[in-house]
Structure formats: C-alpha cells, structure tokens
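Student: May we examine this protein together, by question and answer?

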Amino acid sequence: MNSLFYVNIFARDMVALADFYQRLFDLEEITVSRSEYFIGFESGGCCIGFSSQAAYELLALTQAGSQTDTVLTTFGASSREDVDAQSKRAVELGGMLVKAPFETYYGWYQSVLRDPEGNPFRINHGA
C-alpha cells in the first residue's frame with residue numbers, strides 16, 4: 001500500500017517560509033535532510049518540506065509551462081523495485097516521466113513525474 005509521504009512547497013525564500021510553518025505548527029525539523037535546496041519537518045503521518053528555487057533544476061522541473069510549480073507531492077514506495085514499477089505504471093496511465101528513478105544526494109531512490117494535468121510528483125523509497 002502506498003502512502004502520502006511528503007508534501008513539498010517551492011518557496012522564493014525557503015528559510016523564511018519554513019520558519020513560518022515551523023513556528024505556526026511547532027514542527028520538528030528533520031535536520032539530516034537540510035540543505036541549500038530543502039528544509040523538512042515531521043508532521044504526523046506525512047512530512048512537509050520547503051524547497052528552494054534551485055530545486056526546480058535539481059529535479060528536472062525547469063519546464064514548468066505557463067505556470068510555476070509551487071507544490072511537489074511525494075508518495076512513499078515499499079522498495080526500489082516498486083519505485084521502478086510504479087513509475088512505469090504512471091506513464092501507462094497518462095503521466096509523464098520527468099526524471100527516471102535515480103539515487104538522490106540524500107540517499108533516497110526516486111523518480112520525478114507529472115500527472116496528466118501537469119502537476120509534479122515523486123515516487124520515493126528512502127529513509
């Protein structure tokens with residue numbers, strides 16, 4: 001069974017926006033994932049993350065079309081093989097593969113896709 005794992009919000013000022021949500025909801029930071037691209041927080045059964053503008057290129061989302069993507073949803077998979085299989089299935093169902101499954105700099109295995117309406121999402125297996 002898949003689960004919603006992360007919701008990422010692209011921000012013009014990642015640090016300020018992350019601080020706003022952290023202070024508002026008293027969120028606990030996931031310090032091992034902090035980088036120039038990302039700040040993440042535990043938030044119950046799903047985590048919330050804030051990505052810098054530089055993350056667009058990192059995730060190969062530079063072709064956003066007429067609108068700028070502001071939210072990136074991440075779904076957890078139970079294995080690397082599931083990431084591969086679900087990525088293939090997403091394309092079969094009308095999605096578009098943006099970045100084939102790969103090992104991230106933070107140790108996850110993930111793919112980056114767009115749904116049939118163009119919204120970006122990831123399928124992820126990791127810590």
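Predicted model: local features only at pLDDT ≥ 70, side-chain atom pairs only at ≥ 80, totals over all residues.

Tutor: Residues are numbered from 1 along each chain as its sequence is written, and side-chain values use heavy atoms, with hydrogens and water left out.

Student: Which strands stand at the edges of the sheet?

Tutor: Strands are DSSP runs of E with at least two residues, and helices are runs of H or I with at least four, both numbered from the N terminus. Two strands pair if DSSP finds at least two bridges between them. The open sheet is mixed, with eight strands in the order 2-3-4-1-5-8-7-6. Two of these strands each have a single partner, so one side of each is left without a neighbour in the sheet: strand 2 (28-29) and strand 6 (96-103).

Student: In strand 5, which residue is the bridge partner of isoleucine 9?

Tutor: Strand 1 and strand 5 (residues 71-76) run antiparallel and are joined by six bridges. Serine 3 stands opposite glycine 76. The partner of isoleucine 9 is valine 71.

Student: In strand 4, which residue is the bridge partner of phenylalanine 10?

Tutor: Strand 1 also runs parallel to strand 4, with five bridges between them. The strand 4 partner of phenylalanine 10 is serine 51.

Student: Arginine 23 and aspartate 19 meet in a salt bridge; what is the N to O distance?

Tutor: A salt bridge places a side-chain nitrogen of Lys or Arg within 4 Å of a carboxyl oxygen of Asp or Glu. Arginine 23 and aspartate 19 are four residues apart in helix 1, and therefore separated by about one helical turn. Their N to O distance is 3.5 Å.

Student: How much space lies in the largest cavity?

Tutor: A cavity is a set of points, on a 1 Å grid over the protein atoms alone, where a 1.4 Å probe fits but cannot get out; lining residues have an atom within 4 Å of a point. Grid points are joined across faces, edges and corners, and the volume is the space filled by probe spheres set on the points. The lining has 13 residues, with Asn8, Phe38, Tyr105, Tyr106 and Arg122 nearest the centre. The space amounts to about 140 Å³.

Note on methods
1 Å grid on protein atoms, 1.4 Å probe; cavity = no way out; pocket = protein on both sides within 12 Å on 5 of 7 lines; lining within 4 Å.
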